[in-house]
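The stops below are meant to be selected in order.

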Amino acid sequence: MLRNIIRVVRPKMTWLFPADENIWFHRQVAYSMAFWAMVHTTAHYVNFINVERTQIRKQTAQEIHYTQPGGITGHFMLLMMFLMYTTAHHKIRKQCFEAFWYTHHLAFFFMLGLYTHATGCFLEVYHLARDNLFRRARLQGISWQEGNRLSKVLFIPVVQWSFALSAQLKYTAGQWLFLQVPELSGWQWHPFTITSAPEDPYVSIHIRQVGDWTRALGERLVPSISSCSNDPGSDEGAEKDQKIGGRGDFVELDSSANTTPFPLRWYRCHPIRIDPQNIWYRQRKGTLGTLRRVEFFWVCRDAPSFGWFQSLLQEVEAAQADPNFLRINIYLTQKIHEDMLWNIAVNDAGAEYDPLTLLRSRTMFGRPDWMTIYGQMRQAIEGGQYIPGSTSQLKTKVGTYFCGPGVLGNAIKEATVANCSSTVEFTFAKEHF
Amino acid sequence: MGNLIWHEYSRLTAITASVYAVWAGFWALFYRKFFWDFVAGTLRDPGGLQPARSAAVFVTIIVKVPVVPMIAMLLGMFMIVLEFPFPQLKSLAIHRSIVLRIVLLLFQTFITILFYQGTNAAIWSFIAALCYTRAQILGESMAVAKENRGKDGGA
C-alpha cells in the first residue's frame, strides 16, 4: 500500500480502478494472485514431471524444482504468500497488528523473488519500474517533520488524548496522519484521523488509549501535564464537562510551547470523510457547493465517550442560522440505570438543552434502526419535504460517510442499498485504516 | 506487541496447508512419483528417475497403488472439516483438542513429504504444527462451542 502515491492518484484515477476503496482493491488483487499462483504452480508440477519423463532437458523434476532459480524462488514465494495471507486475516490483524504488519513486509522479498523467478523475462522491466516506485514511495513516506511542539493536551483518563501540533501542515478535511514516536518504537507508524479543520490554527488528533502503544504514549504525557501550568480557561471547560460525564475527569490543559516531552514524526494521508467542523467553516465561507443538508449521526455507548466532541458540536449547532441544514443525531446505546433515567426525565422536560449533551438536539437511546431512518429520508425526499425546491425530475444524491466498526458499517450499507430508488441515490463510503 | 492468540492463527495455517494437501494428493493420483526417488535412483532417458530397489515399498504405495496420496487427501479433508469446524464435529471434545491437531498435522507432514506434489503441503503443515505447539506451550485453550455450554460431559 503506497499511501502517498494513492493520495496523489486517488482523485485522478478513480474512474480506472477503485482508488477510494484501495484496501478492498488490494485484497481483490491478492485473491486473484492466490488463484493464479495456484494455476501456475499446478501447471509447473505437471510440466516438470513431463520434462523428467521425456528427458527433453536432461534433468530430474527435483533438480528443476529445488536447484534452479525459477523453482527455488517459486517455492519461496509460495511460502511467503502462505505467511502473508494467513497473518492478514482480519482476526489476526485485530489481535496482533504487528504480526500482520511485519510479516507483510515479506512483500519486499516476494518482489525480489518475482524478478529472479523468470530470468530474462520481459516482465522484469515492468517489475523493476514498480519496485523503484515502491521504494521511492516508502522513502518519501518517511518525509516526516521533526520538532513539532505539543501545544495542547485534552486529558480524560484512559479515554482520549488530543494534542495539537503547532506546525504549518497543509491538509484537507478528513485526512489522517501517521504518527511515530521514536522513543516508543522506531518502527511503528500509527494512523489517526485529523480532528481539526484546515482553518484551525492548530492540528489535533484524538487518541483513544486502547493498545500498548497509545497507553505508553499516555504515560509519557502524564509527567508533562503535571509540570504544566493550568490554563485559566480550563476550569470553565472542566465544569462544563463535569455535567456531561457526571465525574470530574475532564481536564483541559495548555502547555507552553517548548515543553514537548519527546519528538514526534508524522506524515499525511488521504481524505475520506466529511466532518462537521469542516462543514461549518465551508458554510461560513459559502463554499458548500451542491450540499443542501447534513445529517450527523453519532452512535456511542456511554455519555463520557462523547465528552471530547461535545464542545465542538455545541459550537457548530449554535452557529446554525438554518435549523434544518445540520441535524445532529446522537444515540446512546448503553443500558441506562434507573437513577439516570429519572435524572433525565426530571431535567429534560421543558428544558431548552438536552441534559446529557447540552445540545439543542435531543439524545436518543438505544440503537438506531437504519432501515427506518433511510426509508423515512427517502420518502421525505420523494415527497419534496426534505429538500425544499427539489423536483422529481432531478436525482437526489445522498452520500453516507462512515467511520466505525465493520458490523455497524454493514448494517448501514445494507440500508443504503435497500433504499435506492429512481429519484434518490444513496451512496456509502467507509473509512479504512 | 499485540496479543496473538496462537491457536486461532494456527487454525488459518492448518486450513491453508490442508487445502494444499488435498490438492496435491489429487494431482498425485494422475502424475505418480515418489519424491525421494533421486536417492540412489537412476535416470533413464526416456523414462525419468527410476527409484532404487530398496525403495520398492514406496513405489508400491505411491506409484502402483496411490494409497499415500489418497490418505493425504482424506487426512487433509478431515483437517479442513475439523478446523472449520463442521457442525457435527462441534459437539465433540476432539474439536477443541490442540494435541490432536499437532499429531494430525505432523502425520500430514510425514504423508505429504513422500510424494512429489506434496512437499509444500508438508512444509506448511509442519509450520502449522509448530504454531499449534506454541499454543499448547502457552497453555491456550479453545473456547467451548456456544451450543455446548453448560452441558455435562460434553465438549
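At what angle do helix α3 (residues 67-83) of chain B and helix α5 (residues 98-112) of chain B pack, and how far apart are their axes? Select both: the angle is about 150° and the axes are 10 Å apart. Axes here are lines fitted to C-alpha atoms, for helices over the stretch in contact, and angles run from 0 to 180 degrees between N-to-C directions. Helices (H or I, at least four residues) and strands (E, at least two) are DSSP runs, numbered from the N terminus.

This is a predicted model, in which local features need pLDDT of at least 70 and side-chain atom pairs count only at pLDDT 80 or more, while totals for chains, interfaces and linings use all residues. Residues are numbered from 1 along each chain as its sequence is written, chains are lettered from A and ligands numbered from 1 in the order in which they are written, and side-chain values use heavy atoms, with hydrogens and water left out.

**Stop 1: α3(B) against α5(B)**

The angle makes α3(B) roughly antiparallel to α5(B) (angles under 35 degrees count as roughly parallel, over 145 as roughly antiparallel, 65 to 115 as roughly perpendicular and the rest as oblique). The crossing of α3(B) over α5(B) is left-handed, meaning that the near helix is turned anticlockwise from the far one by less than a right angle; clockwise would be right-handed. Contact means heavy atoms within 4.5 Å. On α3(B), show the contact residues, among them B:V68, B:I71, B:L75 and B:F78; on α5(B), include B:L100, B:L104, B:F107 and B:I111. By class, this contact has 12 nonpolar, three polar and two charged residues. Ala, Val, Leu, Ile, Met, Phe, Trp, Tyr, Cys and Pro count as nonpolar, Asp, Glu, Lys and Arg as charged, and the others, Gly among them, as polar.

**Stop 2: α1(B) against α3(B)**

Contact residues include B:R11, B:I15, B:V22 and B:F26 of α1(B), and B:P69, B:M73, B:M77 and B:I80 of α3(B). Their classes are 13 nonpolar, three polar and two charged.

**Stop 3: the annotated spans**

Residues 12-35 of chain B are 71% helix and 0% strand, with end C-alpha atoms 27 Å apart. For residues 70-88 of chain A, the helix content is 95% and the ends are 26 Å apart.

**Stop 4: the interface of chains A and B**

Which three residues supply 22% of the area that chain A buries against chain B? The contact takes 34 residues from chain A and 36 from chain B. About 2,900 Å² is buried, 64% of it from carbon and sulfur atoms; buried area is the accessible area (1.4 Å probe) that two parts lose on being put together, summed over both. The three residues are A:Q62, A:F82 and A:Q95.

**Stop 5: backbone exceptions**

Most residues other than glycine have a negative phi, and most peptide bonds are trans. The bond from B:D45 to B:P46 is cis, with omega near -10°; B:P46 is in the loop between β1 (42-44) and β2 (48-50) of chain B. Another cis bond joins B:F84 and B:P85, with omega about -20°. Finally, select A:Q55, where phi is near 55°, in the loop between α2 (22-54) and α3 (61-67) of chain A.
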